[in-house]
Amino acid sequence: MSTIHWTETGILRSAHWHSESATPPPSRVVGADDRVKADTAHRLACEGTALLWQGDFHNARQLLQAMGRRIDRKPSRQGGSPAESFHLHRRARAHRARVLGRLLVLLEDDYSLNLRRAPDVRQACTEAYGPPSGPMAVSLTELLGVIGAHQWRTKGVEVPALDARIHPHYGVFSPVRGEYVDLVAHAPLPAGRRTAFDLGTGTGVLAIVLARRGIDHVVASDISPRALACARENIRRLRLTGRVDVVGPGLFPDGNAHLVVCNPPWIPARPTSAVEQGVYDPGSSMLRAFLYGLTAHLEPGGEGWLILSDLAEHLGLRTRSELLADIKAAGLHVLDKIDTRPQHPRARDTADFLHAARAAEVTSLWRLTGAATRPLGPWSR
């Protein structure tokens, strides 16, 4: 386990270092409190020095915002293509995260935060990190994410297609974008509806939708232990433990199903944190693993449902022809494609760097089969 060291009142101290984004421990750490100026904190953080906060908690949050404003004075560069602009924007965001991530706080051996006006974060940290094992230093930005995740987990997210709330855990993608849930809730089910797989289940929301639609037995899988625990909890809350099994870690469960559903991350790029794994799929690895493994897990006459946004196409990160080529190479045929437009607020946010791509975005449910069935429409559009 990594460790950080700093000097406090002439005494050398140390603590375990934790970073969800796998950021290495800072090599130089200095104490900081309410007297430090934002310009000084920004300069030190840009130089690679971490500041361990020892003042008022609310002042630390204000300092973080002030540092962010100084970083944002330099806008992201525009590239010569949408893909280049996207990568430059991601690079700028990574720089911002690194600099802001150098403002640290110390969690005591019970996860308490010994700062003036600090909230009680013990339950939130236990949910995110597991049982405490000694003092631990984390970035303030990460801790704020942990606090926010605890609030989401407590109150849940309303899912209209279920007329119920889903409770996401820390590091598990929240079903705040309802269009992909609605697609699964309304697409015509295949003739055999006894069994279904939900690959990459996350919160378990799609497995729950399928069970509510009358599938006799749903098996939900994921590679993330956090997602598996989250899905099991949501399934228990909605009293579906007899209808939905959660297995993993892994992609495909054992055996075959009449319906195999997969909503892979939509953007082929490297995630920088655990929660980004629900958005970014390096090299489209999960998408391709689903496509190339599908026929081996379908019952005769069964279907695979691929739920995928074309945002990556608008960003120049993947082409429609590449997707169709993978579908064909996997021995699959397209039975139908059901489209919907995104309804989330970012699609209308003109200040969003990706606004042009988001405004043109279409989310589709591709109905795939391994049978030699002739496609029904011009899927290259």
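I began with strand β15, where W366 stands opposite L306; strands here are DSSP runs of E of at least two residues and helices are runs of H or I of at least four, both numbered from the N terminus. The model is predicted, so I note that local features need pLDDT of at least 70 and side-chain atom pairs count only at pLDDT 80 or more, while totals for chains, interfaces and linings use all residues. Residues are numbered from 1 along each chain as its sequence is written, and side-chain values use heavy atoms, with hydrogens and water left out.

**Strand β13 and its partners**

I looked up how β15 (residues 363-369) pairs with β13, and found an antiparallel arrangement over six bridges, where pairing requires that DSSP finds at least two bridges between two strands. With β12, by contrast, β13 runs parallel, and five bridges join the two; in that pair L259 stands opposite E303 of β13. I then checked burial along β13 (residues 298-309): nine of its twelve residues are buried, so the strand is largely enclosed by the rest of the structure. Buried here means under 20% relative accessible area, exposed means over 50%, and partly exposed lies in between, with a 1.4 Å probe and protein chains only.

**Nonpolar cores**

I turned next to the nonpolar cores, each a set of buried Ala, Val, Leu, Ile, Met, Phe, Trp, Tyr and Cys residues joined through side-chain atoms within 4.5 Å. The largest has 67 residues, and F290, L291 and L368 are those with the most contacts inside it. Helix α7 (residues 205-212) supplies the largest share of this core, seven residues. A second, separate core of 35 residues includes L44, A60, A128 and Y129.

**Backbone entries in loops**

T9 counts as exposed, at 76% relative accessibility. A22 also has a positive phi, of about 60 degrees, although it is not a glycine; A22 sits in the loop between β2 and β3 (29-32) and is exposed, with a relative accessible area of 62%.

My last entry is a cis peptide bond between G248 and P249, with omega about 5 degrees; P249 lies in the loop that runs between β11 (244-247) and β12 (257-262).
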